[in-house]
Every structure is written in C-alpha cells, then in structure tokens.
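Keep the 3D view open while you read.

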Amino acid sequence: MGWLNIGSLVLGIVAWILPLLNLSREQENAKRWMTYSFLSFICCSTAILFQLMVQKFLVEIEDFSALMDITSSAVLASSVLLIVTILLNVLAWVKYTKTI
C-alpha cells in the first residue's frame, strides 16, 4: 500500500505544477488553460482518493494504531492540497478571464 502514498504525493505535486505553469506562461489559447485546470483538479481529487484508500486498507487489516497515527496528518495534508489547488486555479482563472 506504500505505492498509494507515493502516488498521492506525486499527484499532489502535479496538481500544483499545472496551475503554476498556467500562471508562469503567456498562453493565447483559453482552452489550454481550462485543460490544465481540469487536470489539476483531477490530480488533486485522485491524490485525496489514494489517502482514503490507505485508510480503508488500515481498517480492513484492523491496524487501528496506525490509523490513529496517520488520520490527523492525512486530513491536514489533504486540506492543504485542496485549498492550495483551488487558490492556484482561481489565480489562473482570474489571469485568463482578464486577458480574454
């Protein structure tokens, strides 16, 4: 199940990189901005899903001490991932709605 944690981390980083690419480059095509934003939200939601799958696995194997250890940090990390992803995509949206 360690691959779920690694996958969650990688997808979380990608979820932040995509809107940063939108903010750093001048793009003439609004469709590309929407595509990057859409993919960013998909990566974010999949990363959070992976964390839920890890917790489900720990419940299934009845490793409640590990579950109690990781739940708070998983909720915090998922919250930060979601909030930052939303903020970055809103910034990109503001940038491209001003220029269109």
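## A buried glutamine

The side chain of Gln51 makes a polar contact with the side chain of Ser8, at 3.2 Å. Please keep in mind that this is a predicted model. A second polar contact, also between side chains, links Gln51 to Asn5 (3.2 Å).

You will find Gln51 in helix 2. With a relative accessibility of 16%, Gln51 counts as buried, because the cut-off for buried is under 20%. Setting aside residues up to four places away in sequence, Gln51 touches Leu4, Asn5, Ser8, Ala74 and Ser78.

## The nonpolar core

The largest nonpolar core has 11 residues: Leu4, Leu11, Ala15, Cys43, Cys44, Ala47, Phe50, Val54, Leu58, Leu67 and Leu81. Helix 1 (2-24), helix 2 (30-60) and helix 3 each supply at least two residues of this core. Helix 2 provides the largest share, six residues.

Apart from its neighbours within four places in sequence, Ala15 is in contact with Ser40, Cys43, Cys44, Leu81 and Thr85.

## A nonpolar patch on the surface

Now turn to the outside. Phe41, Leu82, Ile86, Val90, Trp93 and Val94 form a nonpolar patch on the surface, and together they have about 480 Å² of accessible area. Helix 3 (residues 64-99) gives the most to this patch, with five residues.

Val90, one of the patch residues, has its place in helix 3. Is Val90 buried or exposed, or something in between? Its relative accessible area is 40%, so Val90 is partly exposed, lying between the 20% and 50% cut-offs.

Note on methods
Residues numbered from 1 in each chain as written. Predicted model: local features only at pLDDT ≥ 70, side-chain atom pairs only at ≥ 80, totals over all residues. Heavy atoms only, no water. Patch = residues over 30% accessible without salt bridge, like charges linked within 9 Å, V, L, I, M, F, W, Y side chains within 5 Å. Areas by Shrake-Rupley, 256 points an atom, 1.4 Å probe, with all protein chains shown as cover. Salt bridge = Lys/Arg side-chain N within 4 Å of Asp/Glu carboxyl O. Helix = DSSP H or I, 4+ residues; strand = E, 2+ residues; numbered from the N terminus. Buried < 20%, exposed > 50% of the residue type's maximum accessible area, 1.4 Å probe, protein only. Core = buried A, V, L, I, M, F, W, Y, C linked by side-chain atoms within 4.5 Å. Contact = heavy atoms within 4.5 Å. Polar contact = N/O pair within 3.5 Å; in protein donor to acceptor, adjacent residues only side chain to side chain.
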